[in-house]
Amino acid sequence: MKKLLAERLPIVLFAALFLIVLVVFQVLQPTFLTSANIINMIQSVSTTVIAAVGLTFVIAIGRSDISFYMTSCFCGVLMAWLVSQGWHPVPAMLCGVLAGAGWGTVSGIAVGKLKLPDIITTIAIGSIAFGLGYVFSDGAFIMQNFIEAKTHYLSQYLVLGIPLPVYIMVAVLLVSYYLLELSRFGRAFYAVGATERAAYLSGVNVNRTIVLAYVLCGTFAALAALIMTARQGYGNVKIGMNLLMPCFTAVYIGMSVFKRPCVLGTALGALLVTAIATGFTSINIPFFWSNLVTGFVLILAILLSKVVVREKTPAVCAAKEAQAK
């Protein structure tokens, strides 16, 4: 019973924290929980969830990726540049997604096969991608053919009154949940993250698993950047620069609740971060305050995850009795 309580307690505490956030902002702004604002919040969280789920695969293998938000900038501006050259939006978007997968492959090979340090290497690769983004834009916004090609449909098209990015987010969540939680690929990710040597002896192709994790991270980050670019209405090389903090916060909030990187935890963490950001916007508080609060929430979530109920085994009881004597 106590073991079950210890496992469920972080989830209950997270739910209580999330409920408090909703109640506080609803009291401060009565329109916060209206249906229109909820749909807007879900649409806003979609890009964070998509990019953060990709990052979850990398964290699951015990690595880190500091390049995904910079490579997403390259992918977003690449799509915009192709549209400006007369390409149809669909192949332009596919090229953007493939570019994200390509950058993820580069990072995966560097970290997995070449055994380079993950943080420094991905920072360097991301910087290269970000710099190359300026080749397409020359530092300027790309607006040519953007509206005429109806690129904004990727972000604004409604299906049954719900924006298209929400459906894309749900599809990403379902596919990722299956891959990470229900398939042998998922067990391989967790095995590599736990102990590479043991995973290798168990028949897991460690290098391939690492590369695949980075490919998924780059692909999903690119997809998020494309949606953000479509929503913005023009190409901007800095489109993905705000993904880093929310994505890492979402992943680690999920880890603090479920004790491991997982798709559900990441989605819940992203929803909490977005609720805070949206709440601050609704009561006209500058955005940078939401960054401060998000950081504090992350620390609080980690501290709450340390609150456990320990079961008193006979050995523990005997030890305490010996100390008392």
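This is a predicted model: local features need pLDDT of at least 70, side-chain atom pairs count only at pLDDT 80 or more; totals for chains, interfaces and linings use all residues.
## Exercise 1: Helices, strands and burial

Describe the protein by its elements and by its buried share.

**Solution.** Step 1. The protein has 14 helices and 2 strands. (Both are DSSP runs numbered from the N terminus: helices are H or I with at least four residues, strands E with at least two.)

Step 1. The protein has 325 residues, and 49% of them count as buried.

## Exercise 2: Rings and a charge

**Solution.** Step 1. The count comes to 11 aromatic pairs.

Step 1. F25 and F280 are edge-to-face, because their ring centres are 5.6 Å apart and their planes stand at 65°.

Step 2. F25 lies in helix 1 (residues 2-28) and F280 in helix 12, so the pair ties together parts 255 residues apart in sequence.

Step 3. Check burial: both F25 and F280 are buried.

Step 4. Look for a cluster. F68, Y69, F248 and Y252 are linked by ring pairs into one.

Step 5. R184 lies over the face of F185, 4.8 Å from the ring centre. (The rule asks for NZ of Lys or CZ of Arg within 6 Å of the ring centre and within 35 degrees of the ring normal.)

## Exercise 3: Two pockets

Which element gives the largest share of the lining of the largest pocket?

**Solution.** Step 1. Start with the volume. The largest pocket has about 910 Å³. (A pocket is an open set of points on a 1 Å grid over the protein atoms alone where a 1.4 Å probe fits, with protein on both sides within 12 Å along at least five of seven lines; lining residues have an atom within 4 Å of a point. Volume is the space filled by probe spheres on points joined across faces, edges and corners.)

Step 1. The lining of the largest pocket has 25 residues, and S44, T48, N242, P246 and A277 are the closest to its centre.

Step 2. Two or more lining residues come from each of helix 2 (35-60), helix 10 (206-232), helix 11 (244-258), helix 12 (263-282) and helix 13 (287-305).

Step 3. Helix 12 gives the largest share, 6 residues.

Step 4. By class, this lining has 9 nonpolar, 14 polar and 2 charged residues. (Ala, Val, Leu, Ile, Met, Phe, Trp, Tyr, Cys and Pro are nonpolar, Asp, Glu, Lys and Arg charged, and the others, Gly among them, polar.)

Step 5. Move to the second largest pocket. It holds about 160 Å³ of space. Its lining includes R184 and F185, the pair with the charge over the ring.

Step 6. Helix 8 (184-194) and helix 10 each give two or more residues to this second lining. Helix 8 gives the most, 5 residues.

Step 7. The classes here are 5 nonpolar, 3 polar and 3 charged.

## Exercise 4: Positive phi in loops

Where does L160 lie?

**Solution.** Step 1. L160 is in the loop between strand 1 (158-159) and strand 2 (162-163).

Step 1. Its phi is near 60°, a positive value in a residue other than glycine.

Step 2. L160 has a relative accessible area of 81%, so L160 is exposed.

Step 3. Now take N145. N145 sits in the loop between helix 5 (118-137) and helix 6 (153-156). N145 is not a glycine, yet its phi is positive, about 65°.

Step 4. N145 is at 27% relative accessibility, so N145 counts as partly exposed.

## Exercise 5: Across the sequence

**Solution.** Step 1. A194 is in helix 8. A194 is exposed, with a relative accessible area of 63%.

Step 1. A194 and G62 are 132 residues apart in sequence, and 7.3 Å apart in space, C-alpha to C-alpha.

Step 2. Repeat for I128 in helix 5.

Methods:
Residues are numbered from 1 along each chain as its sequence is written. Side-chain values use heavy atoms; hydrogens and water are left out. Rings of Phe, Tyr and Trp (its six-membered ring) pair if their centres lie within 6.5 Å; planes under 30 degrees apart count as stacked, over 60 as edge-to-face and the rest as tilted. Buried means under 20% relative accessible area, exposed over 50%, partly exposed in between (1.4 Å probe, protein chains only).
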